[in-house]
Amino acid sequence: MSKSLVEPTQERPTTISESGSRQWLYPASFAGAWLNRRTVVNVVLMALFFGLPWLEVGGHQAVLLDLPRRKLAFFGLVLWPQDSYLLWLLLFTAIVGIFFITSQWGRLWCGWACPQTVFMEGVFRRIETWIEGDANKRKRLDDAKLDAAKIGKKLLKHAVFFVVAGHVANTFLCYFASSERVVEMTLQSPASNPGWFAFMAAVNFVFYADFAWFREQLCTIACPYGRWQSVLLDEHSLIVGYDRNRGESRGTKGDRRKNPEQSYGDCIDCGRCVAVCPTGIDIRNGLQMECINCTACIDACDDIMVKVGKPTGLVRYTSLEELDGKDHRFVRPRTIGYGLVLVIVITVFAVVASNRKMVEAQVVRASGPSVVTVADGWITNHFRAKLVNKRDEEARITLRPQAGYDFRVPMNPWPVAAGKTATMEIFVRRKLDDFKPGGGDQVLFVFEHEGEEIARQRAPLLGPGMAGRPGGR
Ligand code: SF4
Ligand code: SF4
């Protein structure tokens, strides 16, 4: 059996102690070029997250998965339940996109764009550091006995956490219930919308608990994406890695002084890469499932390398092949395969979405004993038309009359509310003298909306005693 790329390097996650209890992590602060880049990306992503619910495109909130109305709006494209095939196509595109991106750039999403990392490292960790200090101070504070200073700091931190988490949670809800509705409900008394209020309170609490307590465990224990790494990555995928060939054998300054005859690598075993890691792992142990590719250890190690007068990049963006001294290949069968499938599904989605009809009609034969009736020299067939309106306003759909056939419908045109479907009952009457028996009599249904033809469909007219025959429904 082939060896997995991402092997466990220890028996238990870094956040669980030998006794099974939670081991609290205190990642140290650091500075560096990658942190600066990530900060810029974080600011842009947060601006998008908080801003998009207030942006309108084509009369709709730019991004909205309107659960009560079962409607998805995405930068002007509006999908209704009748467009579920497009939603599945969108989902499939997203999955193939994840496969492609991961095979090429590893856990780029986790380190740079996942909301958990963006908010945890970009907002909540910073707030915690401002209030409680850097890693050592935070640990000392947690170990200290409860006094006024500790209570004050903890209360302040959790109050700020709660307010910020609440704002994040309410913005998150805007993507599912519309910003207008969330603002409206926030300004009303909880008694006016008890269900929604309870839901909002629960979401607020979950976000607060995640950033204040659960933290890195979401990545290391709960999130399935980390577990997919062993199948999605290969030896050429981009990873954050430690250059073992250059770093080993590692030795502190003391070790080097004591053993001047021994040859050491560039790693001075200072532990800074471990100290800054938000998931508490040691990058020198190789590719690990818990590594979210946040680049903190790159910055920490580069800083040390500069201080000891060595070239930076002992820990860097690299690939397993490159770390083995081989060439990194960007184009390979796996990425070509994922890329091709991605191009195909995006093309199919674009073609299907752009040819989608906003108003549709489809006729089926009605069921039941009265599907065909004969009386007073007339033969009557009962049909039903399913009318679909994917627009944001009411549609009035007209059944066009046909010479020789007498259409009886309760209303013509038939109104269909925005985003809804309706059923038009159609009774088609034909003079018995004109009727061509044996299924040769075809009635043509033509539907119009705003003067334009939207559907055209033929159906055989049944005669006496033909209901239930093959082709009679
Ligand atoms: S090992 Fe490095 S890149 Fe991976 S999570 Fe830790 S600090 Fe981030
Ligand atoms: S920060 Fe660099 S030098 Fe220090 S222990 Fe980590 S890899 Fe070695």
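These are my notebook entries on a predicted model of one protein chain with its ligands.

**Entry: domains**

I began with the division of the chain. The protein chain is split into domain 1 (33-79 + 114-215) and domain 2 (359-460). I then looked up how far apart these lie: over C-alpha atoms, the centres of domain 1 and domain 2 are separated by 52 Å.

**Entry: nonpolar cores**

I looked next for nonpolar cores. The largest has 29 residues, and Phe-383, Leu-387, Ile-426, Val-428, Val-443, Phe-445 and Phe-447 have the most contacts inside it. I noted the strands that each supply at least two residues of this core: strand 8 (359-365), strand 10 (378-389), strand 11 (395-399), strand 13 (414-416), strand 14 (421-431), strand 15 (442-449) and strand 16 (452-460). Another core, of 28 residues, lies apart from it and includes Ile-127, Cys-174, Ala-177 and Tyr-208. I recall that in soluble globular proteins nonpolar side chains tend to be buried together.

Setting aside residues up to four places away in sequence, I found Ile-426 touching Asn-381, His-382, Phe-383, Ala-385, Leu-399, Arg-408, Val-409, Phe-445 and Phe-447.

Lys-386 is in strand 10. With 45% relative accessibility, Lys-386 counts as partly exposed, since that class lies between 20% and 50%. Beyond its neighbours within four places in sequence, Lys-386 contacts Glu-360, Ala-361, Gln-362, Thr-421 and Ala-422. I also checked Val-351, which is 35 residues from Lys-386 along the chain; their C-alpha atoms are 24 Å apart.

Arg-456 belongs to strand 16. I found Arg-456 partly exposed, at a relative accessible area of 49%. Arg-400 is 56 residues from Arg-456 in sequence, and 10.0 Å from it between C-alpha atoms. Residues up to four places away not counted, Arg-456 touches Arg-400, Leu-444, Phe-445 and Val-446.

**Entry: ligand surroundings**

Ligand 1 has 13 residues around it, of which Cys-277, Cys-291, Ile-292, Cys-294 and Cys-297 come nearest. I sorted this shell into ten nonpolar, three polar and no charged residues.

Ligand 2 is surrounded by 13 residues, with Cys-267, Cys-270, Gly-271, Cys-273 and Cys-301 the closest. Helix 13 (272-275) and helix 14 (296-307) are the elements that give two or more residues to this shell. The shell around ligand 2 divides into nine nonpolar, one polar and three charged residues.

In helix 5 (residues 135-143) I found Ala-135, Arg-138 and Leu-141 to be the buried residues. They sit on the same side of helix 5, because they cover an arc of only 130° around the axis. An α-helix has 3.6 residues a turn, so residues three or four places apart point the same way. Asn-136, Lys-137, Arg-140 and Asp-143 are exposed on the other side of helix 5. The cover over the buried residues of helix 5 includes helix 4 (115-132) and helix 6 (148-177).

In helix 10 (residues 224-232), the buried residues are Tyr-225, Gly-226, Gln-229 and Leu-232. The buried residues of helix 10 fall within an arc of 110° when seen down the axis, so they line one face of the helix. Helix 2 (84-105), helix 3 (108-113) and helix 16 (333-354) are included in what covers them.

**Entry: a buried loop residue**

Is Glu-216 buried or exposed? Glu-216 is in the loop between helix 8 (194-214) and helix 9 (217-222). Its relative accessibility is 6%, so Glu-216 counts as buried. Not counting residues up to four places away in sequence, Glu-216 touches Thr-15, Arg-22, Leu-25, Pro-278 and Thr-279.

**Entry: backbone details**

I recorded two cis peptide bonds. One joins Glu-248 and Ser-249, with omega about -5°; Ser-249 is in the loop between helix 11 (244-247) and helix 12 (253-258). The other runs from Asn-412 to Pro-413, with omega near 10°; Pro-413 is in the loop between strand 12 (406-408) and strand 13.

I also noted positive phi values in residues other than glycine. Phi of Phe-75 is near 45°, and Phe-75 is in the loop between strand 4 (71-74) and strand 5 (77-79). Phi of Asp-269 is near 55°, and Asp-269 is in the loop between helix 12 and helix 13. Phe-75 is partly exposed, at 41% relative accessible area; Asp-269 is partly exposed as well, at 31%.

Key:
Residues numbered from 1 in each chain as written. Chains lettered and ligands numbered in written order. Predicted model: local features only at pLDDT ≥ 70, side-chain atom pairs only at ≥ 80, totals over all residues. Heavy atoms only, no water. Near = heavy atom within 4 Å. Nonpolar A, V, L, I, M, F, W, Y, C, P; charged D, E, K, R; others polar. Core = buried A, V, L, I, M, F, W, Y, C linked by side-chain atoms within 4.5 Å. Buried < 20%, exposed > 50% of the residue type's maximum accessible area, 1.4 Å probe, protein only. Helix = DSSP H or I, 4+ residues; strand = E, 2+ residues; numbered from the N terminus. Contact = heavy atoms within 4.5 Å. Domains from an automatic or database assignment. Arc of directions from axis to C-beta.
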